[in-house]
Amino acid sequence: MTQPNPSTAMARAVIDELARGEVSLVVISPGSRSAALVIAAAEHPDLETRVVLDERSAAFLGLGRAKATGAPAAVISTSGTASSNFLPAVVEADLSLTPLILLTADRPAEMRGVGANQTIDQRRLFGSKVRRFAELAAPGPDTDMNHHWRSLTAEVVARSRGWAGRPGPVQLNVAFREPTVPVPDDGRTRAEPYPHSIEGREGSIPWLRLPIADPPGLPKPDLPEASRPLLVLGEGAYDRSAMRSHVERLEWPALATALSGMRGDGVVTSYHHLLADGIPEILRPELVVAVGAIGPSPRLQSLVSSARVSIRVDRWGRRLDPDRSVTHLIHADPVALLGQFSKGGEPGWAEAWSAADATAREAMTRLLAEAPSPTGAAVVEALCDVGWDTLVAASSLPIREVDAHLVAPGAVVGNRGASGIDGFVSTARGVASAGRATVALSGDLSLLHDQNGLLSDEPDDLVLVVLDNEGGGLFDSLPLPEHAPEYERLFLAPPHRDLGLLARFHDIPVTTVTDRAAIIRAVSEGIEAGGIRMVRVPIDRRADLGMRRALDDVGAAAG
Ligand SMILES: Cc1ncc(C[n+]2csc(CCOP(=O)(O)OP(=O)(O)O)c2C)c(N)n1
């Protein structure tokens, strides 16, 4: 079938290849140069679209969706500064191995470097952070380019999923001539129709099949046995139910970070406060196997580093060794590695860990129940009694409190590749767009940083719980308040803002709650009601810091 103009032909072929590559969501920020891509995406029967004004927020929304589903998400920008706003999400996608496809619309190459309006050099804009940069030139009507458009798009999508490398962000820069709307004459410019076929392969399959390789097999294992083995389950690619079988079979103490998605019965969760005074002798491991990235607790990191044999395993071969203390760095499927170990440990070893965990958790729960004012820890403890499927935790205190106090099972998402506080609202919306009951736990500054994430009328169901402690509470536990001049002005900016006004500006229902029962009720009702809702918990920073210290005391006493 003839296409109305070459730009429309190319956009339709590229967008159709995205759908064939199982991209489910395309996030759009308005613009004219990108119109052909935007219209093709909106018209495609297998693609969902979401519109977000701010490209920085748009990219984080795509990132959140990709993190929640594992499938790539695409974002479309117009030419000029628009695409530059993708960088923060690209940085996170790079480090967290998240498949994110950046479709950056551009002007034709001859417009570069001649002072043309809204034209910058968009080539290799994201440097080494993308797995692949590729570009498509502005087409004309004479040459049949379908195989090129489709095969290149298929390659780019596959690379975002980890074909011939690790998963991560990719950039496809696509140049268009006017008209960018699907007519031969838009009133300003006339184009020849595009006369060639833009059909894809028969059967909705990608033009190019690029299967992702299995993880490398293990080299002949030369792994020591030990009398005090310990397993740390972190964030990464592995089969959770197969891993659960290993946890049961091995009978080693298994510490599950919140971001592992392995919380629930049979794993240790209170390690952060338990290890507040260092590693108690009876809990000191001889061998540690740590799977994937192990989250925000520096004490857990020290535990991993302390072992005589410290093994880290990652399916994508990341060097996860911030202390440079690891003795074995293994690039393999973590489940296959665990299969090489046998059940064991000296008598009483696993029991010592489970007893300390239970004692610490009980003491912490008691302390939280007695507290007169709300704290971040108490909010997480309350969220364990709410029926969510996915919890999204902001960087700074929220993810730390979730790691320390979440005992309920469920998926947990955080931007811990680069630990930015940016793009949080949008990441949470992206997670929520996957359609599972989603609660997001934010600091007030994380919320304010991505206010533009609220500038979207898309129908996401999300309960945004905000720990409103008037600034960055995390800094209170650092040496900053004691040693930095003008601590409040320099580090807690901006001064107090009424988050209720922000919610009302965006027409978002907001409730302020302070006690456990009210938190549970407000969040549960928010999930039930659907749409976006805000639940604000005012927190006194001083009392919160006091609670974190008291939790350390009772945790350490349990060890
Ligand atoms: C993009 C970005 N800018 C700055 C920082 C540094 N930073 C870390 S925590 C923090 C304060 C966060 O405050 P809030 O979201 O209110 O959470 P709280 O610390 O109170 O839990 C800041 C600014 C960061 N991590 N990322």
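In this predicted model, strand β1 (residues 25–28) runs parallel to strand β3 (residues 73–77), and 4 bridges join the pair. One of the residue contacts in this pairing is between V26 and A74, its bridge partner in β3.

The two strands belong to an open sheet of 6 strands, ordered β2-β1-β3-β4-β6-β5, with parallel pairing. At its edges stand β2 (48–51) and β5 (133–136); each has a single partner strand, so one side of each has no neighbour in the sheet. From one strand to the next, the twist averages 20 degrees.

Helices pack on this sheet. Helix α2 (residues 35–43) touches β1, β2, β3 and β4 (100–106), and its direction makes about 145 degrees with that of β3. Helix α3 (residues 55–69) lies across β1, β2, β3 and β4 and runs at about 170 degrees to β3.

The remaining points concern backbone geometry in loops. A cis peptide bond, with omega of about -5 degrees, joins E178 and P179. P179 is located in the loop that links β6 (169–175) to β7 (229–233).

Two residues have a positive phi although neither is a glycine: R324, at about 50 degrees, and S419, at about 55 degrees. R324 sits in the loop between β10 (309–314) and β11 (328–331). With a relative accessible area of 62%, R324 counts as exposed, because the cut-off for that class is over 50%. S419 lies in the loop between β13 (411–414) and α13 (424–432). Its relative accessible area is 32%, so S419 is partly exposed.

Methods
Residues are numbered from 1 along each chain as its sequence is written. This is a predicted model: local features need pLDDT of at least 70, side-chain atom pairs count only at pLDDT 80 or more; totals for chains, interfaces and linings use all residues. Side-chain values use heavy atoms; hydrogens and water are left out. Buried means under 20% relative accessible area, exposed over 50%, partly exposed in between (1.4 Å probe, protein chains only). Two strands pair if DSSP finds at least two bridges between them. Axes are lines fitted to C-alpha atoms, for helices over the stretch in contact, and angles run from 0 to 180 degrees between N-to-C directions. Contact means heavy atoms within 4.5 Å.
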